[in-house]
Amino acid sequence: MLLLCAGMNVSLAQINAPTLSSPSNGATLSSSVRSKLEWSTVTGAAHYIVSIDTVPSFDSPECRTATTTSTSYTWWYLKFATRYYWRV
């Protein structure tokens with residue numbers, strides 16, 4: 001990818017998405033209060049943006065997003081018996 005900016009060439013490295021590892025797809029969580037999400041390390045990533053929502057399009061009013069430098073993040077106060085989708 002090449003970005004032209006004010007007459008200068010700036011090369012941007014393409015970074016792959018991490019592999020989501022826990023909880024697994026379709027998992028039932030043991031706690032409705034909190035859930036720890038985990039994913040693989042991505043070489044070259046300075047931080048990760050994590051989103052969790054009740055719809056797979058991540059555009060509901062309940063969508064939450066956080067930024068972290070870790071390969072895990074714990075969400076608190078999830079609703080009981082509710083399906084959540086997450087991405088990094």
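**Figure 1. Overview of the chain in this predicted model.** Of the 88 residues of the chain, 22% count as buried, in a model that is predicted throughout. The chain contains 0 helices and 8 strands, and its elements, read from the N terminus on, follow the order β-β-β-β-β-β-β-β. When contacts between residues at least 6 apart in sequence are considered, 52% of them join residues at least 24 apart. The chain exposes about 6500 Å², of which carbon and sulfur atoms supply 53%.

**Figure 2. Close-up of the open sheet with the strand order S3-S4-S7.** This sheet has 3 strands, and their pairing is antiparallel. Strand S3 (20-22) and strand S7 (72-76) stand at the edges with a single partner strand each, so that one side of each is left without a neighbour in the sheet. Neighbouring strands of this sheet are turned by 30° against each other on average, with direction ignored. Strands S3 and S4, the latter covering residues 34-39, run antiparallel and are joined by 2 bridges. Leu20 has its bridge partner in S4, namely Trp39.

**Figure 3. Close-up of the open sheet with the strand order S6-S5-S8.** Here, too, the view shows an open sheet: 3 strands form it, and they pair in the antiparallel sense. The edges are taken by strand S6 (64-68) and strand S8 (85-87), each of which has a single partner strand, so one side of each lacks a neighbour in the sheet. From one strand to the next, the twist averages 15°. Strand S5, which covers residues 48-53, pairs with S6 over 5 bridges in the antiparallel sense, and within this pairing Val50 has Ala66 of S6 as its bridge partner.

**Figure 4. Close-up of the peptide bond between Ser22 and Pro23.** The bond that joins Ser22 and Pro23 is a cis peptide bond, with omega at about 0°.

**Figure 5. Close-up of two residues with positive phi, Phe58 and Tyr77.** Most residues other than glycine have a negative phi. Phe58, which is not a glycine, has a positive phi near 55°, and this residue is found in the loop between S5 and S6. With a relative accessibility of 14%, Phe58 counts as buried, because buried means under 20% relative accessible area. Tyr77 is likewise not a glycine and has a positive phi of about 60°, but its place is in the loop between S7 and S8. In contrast to the buried Phe58, Tyr77 counts as exposed at 68% relative accessibility.

Figure 6. Trp76 lies in strand S7 and is partly exposed, with a relative accessible area of 42%, whereas Tyr77 belongs to the loop between S7 and S8. Although Phe80 and Val33 are 47 residues apart along the chain, their C-alpha atoms are separated by 7.9 Å.

**Figure 7. Close-up of the 2 salt bridges.** Side chains of opposite charge can pair when their charged atoms come close. In one of the salt bridges, Lys36 pairs with Glu38, and the closest N and O atoms are 4.0 Å apart. Lys36 is partly exposed at a relative accessible area of 44%, and Glu38 is partly exposed at 29%. Another salt bridge is formed by Glu62 with Lys79, where the closest N and O atoms are 2.9 Å apart. Glu62 lies in the loop between S5 and S6 and Lys79 in the loop between S7 and S8, so this pair ties together parts that are 17 residues apart in sequence. Glu62 counts as partly exposed at 38% relative accessibility, and Lys79 is partly exposed with a relative accessible area of 45%.

Conventions: Residues numbered from 1 in each chain as written. Predicted model: local features only at pLDDT ≥ 70, side-chain atom pairs only at ≥ 80, totals over all residues. Heavy atoms only, no water. Helix = DSSP H or I, 4+ residues; strand = E, 2+ residues; numbered from the N terminus. Buried < 20%, exposed > 50% of the residue type's maximum accessible area, 1.4 Å probe, protein only. Contact = heavy atoms within 4.5 Å. Areas by Shrake-Rupley, 256 points an atom, 1.4 Å probe, with all protein chains shown as cover. Pairing = 2+ DSSP bridges. Axes fitted to C-alpha atoms, helices over the stretch in contact; angles between N-to-C directions. Salt bridge = Lys/Arg side-chain N within 4 Å of Asp/Glu carboxyl O.
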